[in-house]
Amino acid sequence: MSENLVIVESPAKAKTIKKYLGPGYEVLASYGHVRDLVPKNGAVDPDNDFAMNYTIIDKNKKHVDAIKKALKKADTLLLATDPDREGEAISWHLYELLKDAGLLEGREAKRVVFYEITKRAVQEAIANPRGLSEDLIDAQQARRALDYLVGFNLSPLLWKKINPGLSAGRVQSPALRMIVEREQEIEAFTAREYWSIAADCRTKDQPFAARLYELDGKKVAQFTLEDETSATAARERLEAAAAGKLTVTKVDRRERKRHAAPPFTTSTMQQEGVRKLGLTASRAMRTAQELYEGVDIGQGTVGLITYMRTDSVNLSNDAIGEIRQHIGESYGADYVPETPNQYRTKSKNAQEAHEAIRPTSIANTPDKVRAFLNRDQFRLYEMIFKRTLASQMNPAIFDQVSVDLSAGDEHSFRATGSTLKFPGFIAAYREDEDDQASDKDDDRRLPPLEEGQQIELAAINATQHFTEPPPRFTEASLVKTLEQYGIGRPSTYASIISTLRSREYVELEQRRFRPTDMGRVVNGFLTEYFRDVVDYEFTAKLEDELDAVSRGEMDWVPLLREFWEPFSKRIEHTQQNVSRQEAAQGRELGVDPKSGKPVVARLGRFGPFVQIGTKDDEEKPKFASLRPHQSIATITLDEAMELFKLPRKLGETPEGEPVEANIGRFGPYVKFGNKFASLGKEDDPYTVELPRALELIEVKKLAEKNRIINEFDDGIQVLNGRYGPYVTDGNKNAKIPKDDDPKAITHEQAIEMIAKAPERKGRGRKAAPKAAAKKATTTKTAAKSTTKATAKKTASKTTTKKAPAKKAPAKKAPAKKTTTEKATSGKTAAKKSAPKSASGDKAE
């Protein structure tokens, strides 16, 4: 019988900790969260102080059962989940489950917290347990309830008003707004011309360049010279004034220090992982988790870094002492500052006072552990190791020189350069930057120059430039901006970015985010009708209030009520008063020159399209899908009219069948007679000509010919199919057994096989009510794959005409004392929208 049962979150961590604790301790994993809200309306009950109705997560039920079984043999329960709000909530959920099962009677339950998985840290935490933190649990409850209330009410509204399978989130939506607004800035940007002038100078020691600093007695600004004419005139005046020589009028020498960046937080680690290592934010977090939980480095499994979800830049005194000693031994005493470097956390939403991310032991150098790590693990560990060292090293020192050179009395040039005098922290690590040029003067040397010295002028050059639009966000710059605005938690940024991509709201183009038409429409809808949900200040204020709850400074129920009351009213108002067309926010492009009817670009069920005319016209409107590179936001009227040139008549086949090119729901194709052949990836339906079309038709005909093994007079055929040969009469299919030769099948055998074959199932896939209910799937069907009855049933589960609490109120019990229902906690499944509609297909 083990005296103590220790619960951690992951099996990898359990294995490591078991080794540190030895006999008398059984260590099991919860495998993350053990309970979540029931996946249906009423999971959060606003009319009952936001009581939350939880159920065991299906996939983790077996792990909870294993914990229950082990607890029966133990005297003490030690809850050792991660040291943050989420970890505290997992411990509380498990505590509630075990208490409801009557397994805590006569047993002690304690909470233990450690920030690194080392023998010393784990044993120290076990020796100093505490109780569960009600404040942290409340904060996590409030966060989960807010996320549910936003997602479970807004997402069905998006399905109804825009497209099935969409989602909105409390932090996801402001992140999408950032990406969309940046794209709108880029589209609205107008490049402005400007010119710069530089002098090529020579001394006997070396050539160097100097930029124009003063012109006609005035300091030169970016737009002092706006065109070639003014730049050429200025260059000519400078050449005349200089007469081949420049005079050194001022030499300014000074020492400049550059200080190291602080050790890593979750956010800065993700940013550098993206910039330096080319990882995604989620991959960086996943790799850091592996390093934290433990790696076998030849002497057993050990956690190599401290907890990776942290906003803190602090280091423990013990760690600082170890780091300073290593710097002295590896780099020399000159690199160790007199007193340790101290840093302040910039994030206004900093959580509990964790340490920064650092190696658990500086003795585990990258070279020492390299053989035991995979590529990602090694590169991330090396980056964390070097950044940690650099944070406790002396600053880098540069000798900076600035030289003014006159050309006559009214003009001057300036040359700057610097040399690295002492590398300091740069010897270990240098931080990368996003969208900013590095310091061009670093390590650019100038020749020895003295005041009054005459310098030979080799040439004066004028160079044209244009201003550039703001850059699109990378993962690193998006994470940095979210943190600067105080939106969300660094630990959630990776999942936010992943959701934006999986919902197809954004796409990566050269590792930068570009919003899709779907993303623009969703953002436009939320910005128009739910401004608070995407408002940066409002979202950041909520984060501050959640932090106040975690510190015990605010009650979570009034916080939720203040949010829910106006939000629920907006949900109901929008549902009843905003049409699908208003939500989709079509963009008027102009008027069709032929018919005089309006031309609009908007989003439909099968993707973005343009439309000529309206549903109120006598004639049916015309529709055409946008091409892959086109966007609703940027397509012009002329480009839109080109789309209506399909279908294009190309000519005839040798057999006299008419041939035309078009785009269908499954992509571009050529049609010959009443048959179709898909175009290749390199083929364009707007430019493809008859010879190429005939090639594709021949390939199609050959494939069809090879498909037919035998054909009888009454229409029964023996065919090659995707899953092997079969017999068909056009209504029923019969698979031919493996051992039978399909070419030898007689007419009588074919008739007999078809008679025994089951009836062919219809193409429409009907929902199975029982199975659907069991899986708790909220988005059951796409528009063209449901019957009317199923559609009604789905609508009743995915739209909310009233506040969720009034539909299915939870049990009236205190928020943290709810009982666990036997409900399946399947995640909401949302089917992707169907492929693009064909030109001429009906769109909404």
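I take buried to mean under 20% relative accessible area and exposed to mean over 50%, with partly exposed in between. The model I am reading is a predicted one.

**Positive phi values.** I looked up Q585 with that cut-off in mind and found a relative accessible area of 31%, so Q585 is partly exposed. Q585 sits in the loop between α19 (580–584) and β20 (587–591), and its phi is positive, near 50 degrees, although the residue is not glycine. I then turned to F50, another non-glycine residue with a positive phi, here about 60 degrees. F50 belongs to the loop between β4 (44–45) and β5 (51–52), and I note it as buried because its relative accessibility is 1%.

**A cis bond.** I checked the peptide bond from L646 to P647 and recorded it as cis, with omega near 0 degrees; P647 is placed in the loop that runs between α20 (637–643) and β24 (648–652).

**Helix α6.** I followed α6 over residues 172–188, which make 17 residues, and its span from first to last C-alpha is 25 Å, close to the expected 24 Å. Twelve of these 17 residues are buried, so I describe α6 as largely enclosed by the rest of the structure. Among the buried residues I listed the charged R177, R182 and E183, along with L176, I179 and I186.

**A charged patch.** On the surface I found E711, D713, D714 and D729 gathered in a patch of negative charge. E711 lies in strand β28, residues 708–711, and with a relative accessible area of 48% it is partly exposed.

Definitions and conventions. Residues numbered from 1 in each chain as written. Predicted model: local features only at pLDDT ≥ 70, side-chain atom pairs only at ≥ 80, totals over all residues. Heavy atoms only, no water. Patch = residues over 30% accessible without salt bridge, like charges linked within 9 Å, V, L, I, M, F, W, Y side chains within 5 Å. Areas by Shrake-Rupley, 256 points an atom, 1.4 Å probe, with all protein chains shown as cover. Salt bridge = Lys/Arg side-chain N within 4 Å of Asp/Glu carboxyl O. Charge placed at Lys NZ, Arg CZ, Asp CG, Glu CD. Helix = DSSP H or I, 4+ residues; strand = E, 2+ residues; numbered from the N terminus. Buried < 20%, exposed > 50% of the residue type's maximum accessible area, 1.4 Å probe, protein only. Expected span 1.5 Å × (residues − 1).
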